[in-house]
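Please keep the sequence and the coordinates at hand.

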Amino acid sequence: MTATATTTRGLNRTGEKTAASTNQQAYRASVRKRRQLVRAAQITVLVVLLGTWQLYVGGDSRKAILFGEPSGIVAQLQTWITQGTSLGSLGDQIKITLEEAFIGFLIGTTLGIVCGIALGRIRFLAEVFSPYIKVLNSIPRIVLGSVFILAFGLGMESKILLVIVLVFFGVFFNAFQGVREVDRNLIANATILGGSRWQVTWHVVLPSAFTWIVASLHVSFGFALIGAIVGEFLGASQGLGQLIKESQGTFNANGVWAAMVIMGIVALAAEWLLTRLENRLLRWRPPQLSGPDL
């Protein structure tokens, strides 16, 4: 009897493992199928949009000047890649814009995190600087690009400063709010256990606010690209923004769109890297509900 019961339990466990493995395989197959369906739908939407655009222009030179056309954009990109642009090689223009965006992004992010945490933890500082931050945030910051160009010239410094200003406030407010949302019981318990203000901030507040901070990086890098492009558009000798300005001045709509395509590719690559960084830094988070990744 005992041997029969043991054998039965063993068979049950084997059957449960087999069923679990089968369910897991079915789930993975369902996920792959859904992913393929989504990719196919995305490609279909892109093809329909580009096809409609191409058909609307239909070889009309006037419409091509005003709106550009997909075939002309591809031809413009090929020309820039093989022959270079009027400002120099295409790689140099991309490099200059990315350098401005990345340097400004790093500085603006660092300042935003430090100031957000400091003002979130020290109430006196928050009360002192609150009106100034609100006033600066209410100013259309993009117009500061003209001030920076007048003060610092057409070099990279003016573009980097504009990027810093655009990035700072997004990161700052997320860091500030993240600190304010930390569970007060956790802070009280850490203090009771003998943690200093610095230790509580480093081991309790910062990890709790990190989700807010990392979430702000996705939007902030977009603002970094905008700041670099707009700064170059306002006044520069090189860069993608200057390339767009020159294309606009010569009524080359395909050139404007081609530069925007390059910006889009750069933004998607940066978004992919930031998502990988977020997944690595926030591996401790519980699984999120399924939904679109926007």
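Predicted model: local features only at pLDDT ≥ 70, side-chain atom pairs only at ≥ 80, totals over all residues.

In which helix do E127 and R123 both lie, and how many residues apart are they? Both belong to helix α5 (residues 123–138) and stand four residues apart, about one turn of the helix. Helices here are DSSP runs of H or I with at least four residues, strands are runs of E with at least two, and both are numbered from the N terminus. An α-helix has 3.6 residues a turn, so residues three or four places apart point the same way. The side chains of E127 and R123 form a salt bridge with an N to O distance of 3.3 Å; the term requires a side-chain nitrogen of Lys or Arg within 4 Å of a carboxyl oxygen of Asp or Glu. By this rule the count is one salt bridge. Both E127 and R123 are exposed, where exposed means over 50% relative accessible area, buried under 20%, and partly exposed in between (1.4 Å probe, protein chains only).

Residues are numbered from 1 along each chain as its sequence is written, and side-chain values use heavy atoms, with hydrogens and water left out.

Helix α6 (residues 144–152) has G145, F148 and I149 as buried residues. Seen down the axis of α6, the buried residues fall within an arc of 100°, so they line one face of the helix; the arc is that of the directions from the helix axis to the C-beta atoms. The face of α6 turned away from this buried side carries the exposed residues L150 and A151. After α6 comes G153, with a positive phi near 85°.

V143 is placed in the loop between α5 and α6, and with a relative accessible area of 46% it is partly exposed. V143 also contributes to a nonpolar surface patch of about 640 Å², together with V135, L136, I139, I142, V219, F223 and I226. Such a patch joins nonpolar side chains (Val, Leu, Ile, Met, Phe, Trp, Tyr) within 5 Å, from residues with over 30% relative accessible area and no salt bridge; the areas come from the Shrake-Rupley method with a 1.4 Å probe. Two or more residues of the patch come from each of α5 and α9 (197–234), and α9 gives the largest share, three residues.

The aromatic side chains form nine pairs in the structure. Rings of Phe, Tyr and Trp (its six-membered ring) pair if their centres lie within 6.5 Å; planes under 30 degrees apart count as stacked, over 60 as edge-to-face and the rest as tilted. One of these pairs, W53 with W257, is edge-to-face, at 5.1 Å centre to centre and 65° between the planes. W53 lies in helix α1 (residues 2–57) and W257 in helix α11 (residues 253–281), so the pair ties together parts 204 residues apart in sequence. Y56 and F67 form another edge-to-face pair, with 5.9 Å between centres and 65° between planes. Because Y56 lies in α1 and F67 in helix α2 (residues 61–67), this pair ties together parts eleven residues apart in sequence. Ring pairs also link F168, F169, F172, F173 and F176 into a cluster.

Conventions:
Patch = residues over 30% accessible without salt bridge, like charges linked within 9 Å, V, L, I, M, F, W, Y side chains within 5 Å.
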